[in-house]
Amino acid sequence: MISKRSLKLFKKAAKTLPAYKDFLEKANCNPAFIKRVPDFANVPITSKKTYLQHYAQQDLVWPADWNGPMAICSTSGSTGEPYYFPRSKELAEQASWMAEMFLRNSSYGKGRTLVLMGFGMGVWIGGIITLRAFEIAAERMGAPVSFLPTGYNKVELFKALKNIAPGYDQTIIIGYPPFVKEIVDEAEAAGIDMRQLHIRLVFAAEAFTETFRNYVSYKAAIKNPLFDTMNIYGSADIGAMAYETPLSILVRRLAIEDPFLYKELFGQMEKTPTLAQYNPKCIEFEAVGNELIITGNSALPLIKYAIGDHGGVLTYKEMVKLFKRYNLDLSAETDKARIGAHTKKHPFVFVYERTDLAITLHGMIIYPEFIKEGLLMPGLPAYFTERFSMSTKHDVRHNQFIQINIELQQGVEPSKELEAKALEAIHASLVKKSSEFAEVSKSKASRKLVQIVLWPNGHPRYFNPGVKQKWVEKS
């Protein structure tokens with residue numbers, strides 16, 4: 001999905017940036033031959049490993065930005081050493097349109113709004129840029145929106161829900177999915193009645209399923225998940241790249257109801273990708289094979305950059321045509337869901353969890369989603385927080401198995417009975433999600449392939465409060 005915008009950015013970088021000039025020369029790519037949009041297919045792909053880490057940052061950044069004020073953020077380092085990205089103020093401005101859409105789409109109207117920022121507020125981009133995006137949007141709208149950056153801190157967030165939120169018409173809680181789930185799970189015990197606060201939820205940093213959305217929506221007494229929940233697809237590399245809209249949520253929910261439509265749309269049945277829309281005036285996506293490639297501008301421009309994710313891209317027209325093949329009128333469906341007036345014909349991008357954030361078991365790829373779905377089965381959230389860490393291990397006879405370390409809810413003690421409940425639910429989820437595991441499960445020995453270890457709430461070994469959950473522990 002490339003336009004003249006990306007071509008123009010390529011030309012400017014090839015002319016201005018020493019690092020990109022050298023990269024193109026070593027890749028035998030002559031910028032003079034990249035004249036039209038179709039020629040962009042011949043531009044070499046960049047990545048953190050093949051491009052950014054090979055050059056001094058001064059040679060990667062626009063001279064005007066390098067010699068002016070810059071903000072810097074860090075990657076989480078979940079797949080290796082963190083990288084520090086300088087960013088321009090335009091990234092927050094672009095993200096503000098996402099924030100404005102969410103503010104305008106509220107099921108609770110335009111009354112006084114409290115935004116509780118539950119992302120980490122340190123060196124990472126999520127908290128800082130999202131807070132700034134909502135501030136810019138509120139200023140532009142002239143909307144009565146107040147902000148409290150609680151950070152990744154349940155105590156402060158609960159204080160705000162108890163002491164400040166009742167004075168507002170609605171409250172937006174922003175945070176990582178497992179953190180937000182902890183908030184809605186523990187609110188009642190903390191003396192907070194979510195039904196009175198008109199809660200809305202914003203997530204980022206990882207995918208989740210519609211089962212998860214339905215669960216947190218129920219617990220938070222959310223009026224309409226299409227309008228009052230949103231997952232952001234972003235990165236430290238270049239900010240908020242895409243985001244869920246009422247339309248993208250509806251499309252994913254409709255696709256889940258038809259396995260054949262789902263398979264044609266997303267390419268596989270085992271996992272549930274994030275489906276979002278993006279503004280091509282801010283960033284453009286391509287899918288090379290099943291790898292997502294982005295082109296976007298910031299202090300450090302990224303041109304045909306492999307972000308490390310895999311998925312696919314569709315235009316709005318392609319989505320409409322796909323639904324027609326399955327006798328679904330997307331326009332009629334949006335009208336039925338009463339979101340027609342809130343629909344933009346922006347392109348779609350879907351993204352799966354990274355393959356380097358999964359584990360293998362006898363050649364089978366096991367994703368965190370498989371375990372998450374098991375722990376959300378009816379009755380289990382009362383015992384387990386849904387936070388866990390998994391790894392592939394071997395016993396003394398060199399037999400391979402996966403160990404899943406699961407966090408218990410506050411006040412719940414570990415027991416063999418709870419281990420059995422968790423094992424049964426996770427085993428069932430693995431059978432449902434992985435056709436390979438379903439085949440293996442026909443053997444009684446398959447139960448030994450999964451081992452459960454229960455941990456007290458907040459145990460520092462795997463569940464240190466205040467840090468982003470690491471679902472995978474590399475062996």
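What follows is a short chat about charged pairs and cysteines in a predicted model.

Reader: What are the ground rules here?
Author: The model is predicted, so local features need pLDDT of at least 70 and side-chain atom pairs count only at pLDDT 80 or more, while totals for chains, interfaces and linings use all residues. Residues are numbered from 1 along each chain as its sequence is written, and side-chain values use heavy atoms, with hydrogens and water left out.

Reader: How many salt bridges does the count come to?
Author: 23, taking a salt bridge as a side-chain nitrogen of Lys or Arg within 4 Å of a carboxyl oxygen of Asp or Glu.

Reader: What does Arg-387 meet in a salt bridge?
Author: Glu-182, at 3.2 Å, N to O. The pair links distant parts of the chain, with Arg-387 in strand β16 (residues 384-394) and Glu-182 in helix α7 (residues 177-186), 205 residues apart. Helices (H or I, at least four residues) and strands (E, at least two) are DSSP runs, numbered from the N terminus.

Reader: Is Arg-387 buried or exposed?
Author: Buried, at 3% relative accessible area; Glu-182 is buried too, at 4%. Buried means under 20%, exposed over 50% and partly exposed in between (1.4 Å probe, protein chains only).

Reader: Which residues are linked with them in a network?
Author: Salt bridges connect Lys-154, Glu-182, Glu-186, Arg-387 and Glu-407.

Reader: Switching to cysteines, how many disulfides?
Author: The count is 0, a disulfide being a pair of cysteine sulfur atoms within 2.5 Å. For Cys-73, the nearest cysteine sulfur belongs to Cys-282, 17 Å away. Cys-73 is buried, with a relative accessible area of 1%.
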